[in-house]
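Trainee: I have a structure to go through and some questions about it. Can we take them in turn?

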Amino acid sequence: MKKLLLLACLLGATTLYAKRWTVDEVKDVIRKVNTYWQTNNPAEVRSFWDHAAYHTGNMEVYKLLQDQQMLDYSIRWAEHNQWKGATEADPANWKYKQYGEGQDYVLFGDWQICFQTYIDLYNLSPDEKKVARAKEVMGYEADSKVHDYWWWADALYMVMPVMTKMYKLTGDEKYLRKLYENILYSDSIMLDYETRLYFRDGKYIYPKHKTASGKKDFWARGDGWVLAGLAKVLQDMPETYVRQPFFIEKYVNLARAVKKTQQPQGHWTRSIMDPKQAPGYETSGTAFFCYGLLWGVNHGYLSKTEFGPTIEKAWRYLTTVALQKDGKIGYVQPIGERAIPGQTVNADSQANFGVGAFLLAACEYVRYLSR
């Protein structure tokens, strides 16, 4: 018995005494976290990526709990933004080739993620005004001859799922074709074929860029965006689509690469393969990874035997470290694009996109327990 207790201590109170969750307990956590966020943050904010990422999680909460008050929060946000992303009217002025928050960056993915929620809200209660701008903007992109829209990893969460949602909305396969063309470009500049992980963008390609100790520098939230985005794409992509095997292979390869780099405490460090670059806990990347892996097991793309232990360790981190007593989600790296040495991330470090990622993982964990 003493040996068992000693082993548990050495493992940091791990699987020997891990809490066994019930569906109702996880639902209570979801309510607590989402109520805390919605109570302390107004819905009437812009439709840029960070707010929109939260709403992708909130829509999953509504799908699971059918709580009208939580849904109303997303409706208020959409109406405040007139069901639009960036608002520039003239396509001749639309931009995307570099970062920009102006209203002329209509084709920049950070202004397009909002369409995910608008389409979801339309599907609950159809009204053409909800998807008119999405059809205008994404239809323009799908019909365009260029394919270099997604030049940073985040865009693969921001926009890939919009493409599959647009396909389901319209029945037009041009959105699936454009999705494939665009991700081929992304792969050409960001995908590391040795590890199957994604660099955040072209600035971080090895060996041009290295961590302080000379290693490849993969950003956890960046690869979290990609894994979660691929899960959302496969969820809406028809099995008959000729490119579906390409996306399945990409998703499974990334899932296995992610599994290899989890820390013993259940989280992923900000620089995935070099924990010393920015040591300590980080929630947003971990939550997106947890969601992405859970979705794969729940839908038969990943083996529970292979990925179950990884999922349980990630969930334990999310609920014992990231989740605070009042419902706050802490240890979220602030807005940025890389692992920053010396940056402080603590229990009070919270962000809208981090809450959205936690909610996605928690909703999928309910389904995992219900299998």
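This is a predicted model: local features need pLDDT of at least 70, side-chain atom pairs count only at pLDDT 80 or more; totals for chains, interfaces and linings use all residues.

Trainee: Is Gln66 buried or exposed?
Mentor: The relative accessible area of Gln66 is 51%. The cut-off for exposed is over 50%. Gln66 is therefore exposed.

Trainee: Where does Gln66 sit, and what is its phi?
Mentor: Gln66 lies in the loop between α3 and α4 (68-80). Most residues other than glycine have a negative phi. Gln66 is not a glycine, yet its phi is positive, at about 55 degrees.

Trainee: What is the phi of Arg196, and in which loop does Arg196 lie?
Mentor: Arg196 is a residue other than glycine with a positive phi, near 70 degrees. Its relative accessible area is 28%, so Arg196 is partly exposed. As for its place, Arg196 is in the loop between α9 and α10.

Trainee: How many cavities of 30 Å³ or more does the structure hold, and how much space lies in the largest cavity?
Mentor: Rolling a probe the size of a water molecule over the atoms shows where empty space is left. The structure holds 3 cavities of 30 Å³ or more. The space in the largest cavity is about 40 Å³.

Trainee: Which residues line the largest cavity, by name and by class?
Mentor: The names are Leu191, Arg196, Tyr198, Glu249, Lys250, Asn253 and Leu254. Arg196, with its positive phi, is one of them. By class, the lining has 3 nonpolar, 1 polar and 3 charged residues.

Trainee: Now the rings. How many aromatic pairs does a search of the whole structure find, and how are Trp49 and Trp225 arranged?
Mentor: The search finds 32 aromatic pairs. In the pair of Trp49 and Trp225, the centres are 5.8 Å apart and the planes are at 85 degrees. Planes over 60 degrees apart count as edge-to-face. That pair is edge-to-face.

Trainee: Which helices does the pair of Trp49 and Trp225 link, and how many residues apart are they?
Mentor: Trp49 is in helix α3 (residues 49-65), and Trp225 is in helix α10 (residues 220-236). Trp49 is buried at 7% relative accessible area, and Trp225 is buried at 0%. The pair links distant parts of the chain, 176 residues apart.

Trainee: Why is the pair of Trp49 and Phe353 tilted?
Mentor: The ring centres of Trp49 and Phe353 lie 5.1 Å apart. Stacked needs planes under 30 degrees apart, and edge-to-face needs over 60. The pair is tilted because its planes are at 35 degrees.

Trainee: How many residues apart in sequence are the parts that Trp49 and Phe353 tie together?
Mentor: Phe353 is buried, at 1% relative accessibility. Trp49 lies in helix α3, and Phe353 lies in helix α14 (residues 352-370). The pair therefore ties together parts that are 304 residues apart.

Trainee: How far apart in space are Gly356 and Gly57?
Mentor: Gly356 is in helix α14. It is buried, at 0% relative accessibility. Gly356 and Gly57 are 299 residues apart in sequence. C-alpha to C-alpha, the distance is 4.3 Å.

Trainee: Which residue's side chain has a polar contact with that of Glu60?
Mentor: Glu60 is found in helix α3. Its relative accessible area is 9%, so Glu60 is buried. A polar contact of 3.0 Å joins its side chain to that of Lys63.

Trainee: Which residue has its backbone oxygen 2.7 Å from a side-chain polar atom of Thr35?
Mentor: Thr35 is in helix α2 (residues 23-40). At 40% relative accessibility, Thr35 is partly exposed. The backbone oxygen at 2.7 Å belongs to Arg31.

Notes
Residues are numbered from 1 along each chain as its sequence is written. Side-chain values use heavy atoms; hydrogens and water are left out. Rings of Phe, Tyr and Trp (its six-membered ring) pair if their centres lie within 6.5 Å; planes under 30 degrees apart count as stacked, over 60 as edge-to-face and the rest as tilted. Helices (H or I, at least four residues) and strands (E, at least two) are DSSP runs, numbered from the N terminus. Buried means under 20% relative accessible area, exposed over 50%, partly exposed in between (1.4 Å probe, protein chains only). On a 1 Å grid over the protein atoms alone, a cavity is a set of points where a 1.4 Å probe fits but cannot get out, and a pocket is an open set with protein on both sides within 12 Å along at least five of seven lines; lining residues have an atom within 4 Å of a point. Grid points are joined across faces, edges and corners, and a volume is the space filled by probe spheres set on the points. Ala, Val, Leu, Ile, Met, Phe, Trp, Tyr, Cys and Pro count as nonpolar, Asp, Glu, Lys and Arg as charged, and the others, Gly among them, as polar. A polar contact is a pair of N or O atoms within 3.5 Å; within protein, one must be able to donate a hydrogen and the other to accept it, and residues adjacent in sequence count only if both atoms are side-chain atoms.
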